[in-house]
Amino acid sequence: NANDIAVDAKTFQFKEGGDKFGVTERLQDVDQWDPVKSNVAILYETKEGKLFVVDGHQRVALAKKLKAQGQAPEIMAFIRKESDGISVEAVRAEAAAKNIAEGTGSLVDAAKIFRDDPGLIKLLPPRSRLVQQAKGLSNLSDDAFMASINGVITPEYAAIVGKYINNPADQMATIKLLQKTKQSCQVYLGMKLLLKAHSFQEQRY
């Protein structure tokens, strides 16, 4: 029953861009429940027996809305229980890994999760473009990472910097150079070649 599922997006949702309930406009105009498209959610049950949505905030919000309109939506879900020793952090990481593997969530969202839990990278498809970019972005220093979040350069460019440069000072110097050159296509291609060479030289020494 959707009405039995509580929402605490601040605690459980890793993706940004939604309201306080973790809901965006993605399903706003949907007026019929389709169980085939609803996928499987992840819920967390506290020791007190209260259920929280961890993965599936959009679906739960839609189900609540349609139920109030007289429909009978049913949410299929995996339930992770605190009584089984599963922590909030563990279930949130599991949900994040599921979302990243499915290609949902932004590059910055994924990188934040990798910075909190680097071990998740090993559990995800290594050839996924999102995973590869998020791995590079998560390798940035705190200052370089914040520069990307604040729009100094795009996350995609910052991910390349993080992939090939480990030194924090060199990371920031490269980001500042990219900011000055306005990140043109020519600079993008040249930067990849330059950073590959830089990485090779670091390995030699």
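User: What makes a stretch of residues a helix here, and where does Ser 148 lie?

Analyst: Helices are DSSP runs of H or I with at least four residues, strands are runs of E with at least two, and both are numbered from the N terminus. Ser 148 lies in helix H6, which spans residues 142-149. The model is a predicted one, in which local features need pLDDT of at least 70 and side-chain atom pairs count only at pLDDT 80 or more, while totals for chains, interfaces and linings use all residues. Residues are numbered from 1 along each chain as its sequence is written, and side-chain values use heavy atoms, with hydrogens and water left out.

User: Why is Ser 148 called buried?

Analyst: Buried means under 20% relative accessible area, exposed means over 50%, and partly exposed lies in between (1.4 Å probe, protein chains only). Ser 148 has a relative accessibility of 4%, so it counts as buried.

User: Which residues does Ser 148 touch, not counting residues up to four places away in sequence?

Analyst: A contact requires heavy atoms within 4.5 Å. With that exclusion, Ser 148 touches Leu 137, Ile 153, Thr 154, Pro 155 and Ala 158.

User: How do you know that H6 is roughly parallel to H8?

Analyst: Axes are lines fitted to C-alpha atoms, for helices over the stretch in contact, and angles run from 0 to 180 degrees between N-to-C directions. H6 packs with helix H8 (residues 168-180) at an angle of about 25 degrees, and their axes are 8 Å apart. That angle makes H6 roughly parallel to H8, since angles under 35 degrees count as roughly parallel, over 145 as roughly antiparallel, 65 to 115 as roughly perpendicular and the rest as oblique.

User: Which residues meet where H6 packs on H8?

Analyst: From H6, Asp 143, Ala 144 and Ala 147 meet Gln 171, Met 172 and Ile 175 of H8. By class, this contact has four nonpolar, one polar and one charged residues. Ala, Val, Leu, Ile, Met, Phe, Trp, Tyr, Cys and Pro count as nonpolar, Asp, Glu, Lys and Arg as charged, and the others, Gly among them, as polar.

User: Why is helix H4 described as largely enclosed?

Analyst: Seven of the ten residues of H4 (residues 107-116) are buried, so the rest of the structure largely encloses this helix. They are Leu 107, Val 108, Asp 109, Ala 110, Ala 111, Ile 113 and Phe 114. What covers them includes helix H3 (88-101), helix H5 (129-138), H6 and helix H7 (155-164).

User: What makes Phe 12 and Tyr 44 a tilted pair?

Analyst: Rings of Phe, Tyr and Trp (its six-membered ring) pair if their centres lie within 6.5 Å; planes under 30 degrees apart count as stacked, over 60 as edge-to-face and the rest as tilted. The rings of Phe 12 and Tyr 44 are 5.7 Å centre to centre with 45 degrees between the planes, and the pair is tilted. Phe 12 lies in helix H1 (residues 9-12) and Tyr 44 in strand S2 (residues 41-45), so this pair ties together parts that are 32 residues apart in sequence.

User: Why is the pair of Phe 12 and Phe 52 called stacked?

Analyst: The ring centres of Phe 12 and Phe 52 are 5.4 Å apart and the planes stand at 25 degrees, so the pair is stacked. Ring pairs link Phe 12, Tyr 44 and Phe 52 into a cluster.
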